[in-house]
Amino acid sequence: MSFIERYTSAAQDVILEGFKLVGVRYKLGGNSIDNGLDCSSFVQTVFKESIGAYLPRTAREQSQVGEQIDASQLKPGDLVFFNTMRRAFSHVGIYLGDNHFLHAPRAGSEVRVENMNSSYWMTRFNGARRIIEGQ
């Protein structure tokens, strides 16, 4: 089975849309591909453009939608949340599978894939939500 065949069609659409934005620069409060995106506007843009789902603007608000799931239940297209600013749900990304996620990390960087098994992300992980129904 290929990497892409593992996904449901909605999850596949989300993942492919997310990959289109790899390399877009991070901008705190940014909400356009041309001017830069922050983590939550990246997620918001991907879900809107791929499957027409309208998510709230902030990571904290996004942590309240969909179905709460355990890390052991993660599937591609799920949202993963991290405590990066000494407060819960201050960072969000899109889970890709195999412990990797796609996100807009911080000022001076750009949208990219990272490994959730790195010590930085492991110690900051604080939840996951399933937005795509039927996964």
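Residues are numbered from 1 along each chain as its sequence is written, and side-chain values use heavy atoms, without hydrogens and water. In this predicted model local features need pLDDT of at least 70 and side-chain atom pairs count only at pLDDT 80 or more, whereas totals for chains, interfaces and linings use all residues.

Me: In what order do the 6 strands of the open sheet lie, and which are the edge strands?
Reply: Strands (E, at least two residues) and helices (H or I, at least four) are DSSP runs numbered from the N terminus, and two strands pair if DSSP finds at least two bridges between them. The 6 strands form an open sheet with antiparallel pairing, in the order 3-8-4-5-6-7. Pairing on one side only marks the edge strands, namely strand 3 (67–69) and strand 7 (112–115).

Me: Which residue is the bridge partner of Phe81 in strand 5?
Reply: Strand 4 pairs with strand 5 in the antiparallel sense over 4 bridges, and 4 bridges also join strand 4 to strand 8 (residues 125–130), again antiparallel. In strand 8, Phe81 stands opposite Gly127. In strand 5, the bridge partner of Phe81 is Val92.

Me: Are the residues on both faces of strand 4 buried or exposed?
Reply: Buried means under 20% relative accessible area and exposed over 50%, with partly exposed in between (1.4 Å probe, protein chains only). Leu79 and Phe81 lie on one side of strand 4, with Val80 and Phe82 on the other. Both faces are covered, and these four residues are all buried.

Me: What angle does the direction of helix 2 make with that of strand 5?
Reply: Axes are lines fitted to C-alpha atoms, for helices over the stretch in contact (heavy atoms within 4.5 Å), and angles run from 0 to 180 degrees between N-to-C directions. Strand 5 (residues 91–97) pairs with strand 6 in the antiparallel sense over 3 bridges. Helix 1 (residues 9–20) packs on the sheet, touching strand 5, strand 6 and strand 7, at about 115° to strand 5. Helix 2 (residues 39–51) packs on the sheet against strand 4, strand 5 and strand 6, and its direction makes with that of strand 5 an angle of about 50°.

Me: Why does the pair of Phe82 and Trp121 count as edge-to-face?
Reply: Rings of Phe, Tyr and Trp (its six-membered ring) pair if their centres lie within 6.5 Å, and planes under 30 degrees apart count as stacked, over 60 as edge-to-face and the rest as tilted. Phe82 and Trp121 stand 4.8 Å centre to centre, with 65° between the planes, so the pair is edge-to-face. The pair links distant parts of the chain, Phe82 in strand 4 (residues 79–82) and Trp121 in helix 4 (residues 119–124), 39 residues apart.

Me: Which residues form one aromatic cluster?
Reply: Phe101 and Trp121 form an edge-to-face pair, 5.2 Å centre to centre with 80° between the planes. Phe101 is buried, and so is Trp121. The one aromatic cluster is formed by Phe82, Phe101, Tyr120, Trp121 and Phe125.

Me: Which residues are the closest to the centre of the largest pocket?
Reply: A pocket, on a 1 Å grid over the protein atoms alone, is an open set of points where a 1.4 Å probe fits, with protein on both sides within 12 Å along at least five of seven lines, and lining residues have an atom within 4 Å of a point. About 430 Å³ of space lies in the largest pocket, a volume being the space filled by probe spheres set on the points, which are joined across faces, edges and corners. Of its 23 lining residues, the closest to the centre are Tyr26, Cys39, Met85, Ser90 and His91.
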